[in-house]
Amino acid sequence: GAGGVGGGGGALGTPALTPLDAMPRYAVVSSDFSSSSIAMLDESFDIIDESWLSSGTTYPGLVATLSGDVVLPTRQAGADTFAVLDRFLTDVASQFFVPSGNLNGQVRTQGDIGDSGFSSNPQDLIFAGANSAWVPRYESNLNPDAPPENQGNDLFEIDPTDMTATGGRIDLSTFDTTALVGDEPDAVEVDVFARPSRGVAVESTVIVGLDRISAAFDAAGPGMVAVVDLGEESSVGLDLEGLASCGRVVPIPGSSNRVAVACVGFSNPFNDEAQLRASSGIAIVDVTDGVATLERVWRVSSDDESERAVNGLIALDDERVLAVASGNFVDTTDTLYEIDLVSGAQTMVHVSTGSFTIGLSAWDPDSEMLYVPDAAVNAVVELARDEGGFTEVGATEIAPGLALPPTQVHLIN
């Protein structure tokens, strides 16, 4: 079965990475999707180590190097640890101590699968307690005889104290459905899988975004998030009617019982703007006493003038969010907007000169600073909050010698 390495010795860990000279507050992931690098920065956004962990790093454990498909948890466990997820075809969660750089542990997000080719494709690490963290596993194992640790389409439990698999699992295949592909009378019914993606722990529940897409990505089910009761290890779906591909769930600063959900829409044929507009939007979900309710929904389709700004969602508060309207292969600009979910008003925050160049930004509610990774200028653009919105105050190049564009900025403590 799955297991971890390292750990032994609590806060000591296993020497793995260069110790940091200061406590990090931000991490920047730079990637070209074949290799990755992670820089650590302090509270002033000054670089402590421009490439603390990278695809060139070899450290003790299960995986020799960082892959090109790397994400950080929506929330880290605490100030003294730093977790990283290697996603599709690597399937490993790692956690390091900071600032020592020692390895706390590393665990495969599935058991040994031999030559089956199954990849669990872990999407997040949702810390739910001192001894419990849950990994949404995006892929489904199509082998009906696979043991539970290799099934996927679920939440898979890890003990973060030593990064070992507990054997705990919450099946989300109850949110599988079917959809039609093609036009009547020749339409074909296909299976649609839950495909759990990012999530946030709220009280004793976890709210997990579901993409609900078929194996061939040619069909999608109705928009939904899963509301998982960790005590009962049971789950119910909260419908996001008229929306699709609602995989991104993020916390809201200053609100412990609400989350924001991005539904990026779905279309077949791929990139059909009318279908995408009709099925994309952003929702606020309230969780009180374990019951989730839909508090507010902003739909792109509610105003013909609205830009389809639904990518890279981060929340400012329970009424205002930031999200990117991505360019395409014709209109080559990405634009980050602030969206008032009550009025639907969109305010331009940052424009990039390329398509798919603005990555995942970080908002620091303490300093009221916004950090936007922009691959077109190969830097993280720094913007300060002011009365009218945001003002650009600087830009930080990250490891220019590596020639990897910055794609994600995370506030890590």
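The lining of the second largest pocket divides into 14 nonpolar, 6 polar and 5 charged residues, where Ala, Val, Leu, Ile, Met, Phe, Trp, Tyr, Cys and Pro count as nonpolar, Asp, Glu, Lys and Arg as charged, and the others, Gly among them, as polar. The model is predicted, with local features requiring pLDDT of at least 70 and side-chain atom pairs counted only at pLDDT 80 or more, while totals for chains, interfaces and linings use all residues. Residues are numbered from 1 along each chain as its sequence is written, and side-chain values use heavy atoms, without hydrogens and water.

A pocket is an open set of points on a 1 Å grid over the protein atoms alone where a 1.4 Å probe fits, with protein on both sides within 12 Å along at least five of seven lines; lining residues have an atom within 4 Å of a point. Of the 25 residues lining the second largest pocket, Thr74, Arg75, Pro251, Trp363 and Leu411 lie nearest its centre. Two or more lining residues come from each of β20, β24, β28 (362–364) and β32 (406–411), strands being DSSP E runs of at least two residues, numbered from the N terminus. The largest contribution to this lining, 4 residues, is from β20.

Trp298 is in contact (heavy atoms within 4.5 Å) with residues including Gly281, Ile282, Ile339 and Leu341, neighbours within four places in sequence being left aside.

Average pLDDT, the predictor's confidence in each residue from 0 to 100, is 91 for the chain, and 94% of the residues score at least 70. Over residues 1–10, pLDDT stays under 50. Where pLDDT is low, the predicted coordinates should not be read in detail.
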